[in-house]
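Here are some notes from a friendly second look at this model.

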Amino acid sequence: MPSPAGLLKSLRAQGAALGPWEGSVAAVRRELFLPEAIEVGDEVISRTDSPQRWLEAAYSDVSITTQVNDGRASGPDEYRLPTSSSSQPSVMLEALELLDVQPTDRVLELGAGTGLNAAWLAHRLGSDRVVSVEVDPALAEQAVGNNAAARLSPRIVAGDGGRGWPEGAPYQRVIATYAVDEIPYAWVAQAPQGRIVTPWGGSFFPYSFAVLNVHEGRAEGRFTGYPAFMRSRTRRPKRGYLDDFLHHRQDAEHTTTSLSPLTIAQDADALFYIGLALPDAWHLPVTADDASGEMTLWILADDQRSWASADYTPDTGEYTVAQYGPRRLWDEAEAAHGAWEALGRPTRARAGISVTELGQRLWIDAPERDMSPLLQPYEQV
């Protein structure tokens, strides 16, 4: 029978960062934090219709979607946007390891979701040391009930996580369970001598943890990991079917490039740095479903007005590019790639981030070294 013990065994076998969280994983039953109908990938699983499969998913190291389209009823052809989930346990543990929680810390969590992460924190630290903020009032209420079923009572409140929860400050640790492209200063102010861990990034590459230490009103840190979290609901860009972003294909401008789209698509460091210059566009590599080795890299603006494609074909040095809209997104990406190369193709580990009352600033190698040449490599004529 699938159980917390089985999940714990699986996590141990894959070398997950259990550390001081082993007891919480073993004691807190994940099934108490899941609704009757869940989604794993493209599979919708009903506890009523498939109880064994539902439990297997509950105690597997997988991310489980628990809400789509902000809980609204969706039509049969409507795009289904995941808007809340029970995160993959191994990734939750990775974030908690980065957070380096000490037994006497008070923790502010942004994004309660199902309430499971708050439950792990409350089990280890005590419920009175955990505050969790959830933007969706219905989810906040459910998270409270889920924790009560697990005999835990962290303080879970409905509100905008970007504002933190000043009523409970100061905190020693702040953790977000959704990706942000800009770290709110409220988090810094509410953890004046603490640590902040959050999924970070814009639309192009939102797959980093930002880990910042706070001292005297300033937070400073680096990037690590490759988490995939939902975006902040208050700053969430448009999403939909590919056809919602592709239009006027007959009017596209066609050129060629010597920069291989495959080189970009397969290089995480390149994607990270290009993403700094294109925070408001996303990329989608689509591989041919035959044995040709061909691939198209799509770049699509969040505002749905501009798009670009670059076609990779093996054994050639020139690649076809199509672009449409007020922006030339491939040109922007190529310019950012060139700026990254001019910097010596730095790894993501060399990038840093600082947050003060004046806002967020990115740098490379050291806070004194500005990254503005990379952030603004392309100017349209």
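1. Asp 267 has a relative accessibility of 19%, so Asp 267 counts as buried; the classes are buried under 20% relative accessible area, exposed over 50% and partly exposed in between, with a 1.4 Å probe and protein chains only. Its side chain meets that of Arg 345 in a salt bridge, 3.5 Å from N to O. The term stands for a side-chain nitrogen of Lys or Arg within 4 Å of a carboxyl oxygen of Asp or Glu. Asp 267 sits in the loop between α9 (261-265) and α10, and Arg 345 in the loop between α11 (329-342) and β17 (351-356), so the pair ties together parts 78 residues apart in sequence. Arg 345, at 39% relative accessibility, is partly exposed.

2. A word on the ground rules. This is a predicted model, in which local features need pLDDT of at least 70 and side-chain atom pairs count only at pLDDT 80 or more, while totals for chains, interfaces and linings use all residues. Residues are numbered from 1 along each chain as its sequence is written, and side-chain values use heavy atoms, with hydrogens and water left out. Helices (H or I, at least four residues) and strands (E, at least two) are DSSP runs, numbered from the N terminus.

3. How many salt bridges are there by this rule? The count comes to 24. One of them joins Arg 233 and Asp 70, with the closest N and O atoms 3.4 Å apart. This pair links distant parts of the chain, 163 residues apart: Arg 233 is in the loop between β11 (218-224) and α8 (242-245), and Asp 70 in the loop between β3 (64-68) and β4 (82-86). Arg 233 is partly exposed at 24% relative accessible area, and Asp 70 is partly exposed at 27%.

4. Another pair to look at is Arg 29 with Glu 31, whose side chains meet in a salt bridge at 3.6 Å, N to O. Arg 29 is partly exposed at 39% relative accessibility, whereas Glu 31 is buried, with a relative accessible area of 14%.

5. The largest cavity holds about 40 Å³ of space, and its lining residues include Trp 200, Phe 204 and Phe 272. Helix α10 (residues 268-277) gives the largest share of that lining, 3 residues.

Definitions and conventions
On a 1 Å grid over the protein atoms alone, a cavity is a set of points where a 1.4 Å probe fits but cannot get out, and a pocket is an open set with protein on both sides within 12 Å along at least five of seven lines; lining residues have an atom within 4 Å of a point. Grid points are joined across faces, edges and corners, and a volume is the space filled by probe spheres set on the points.
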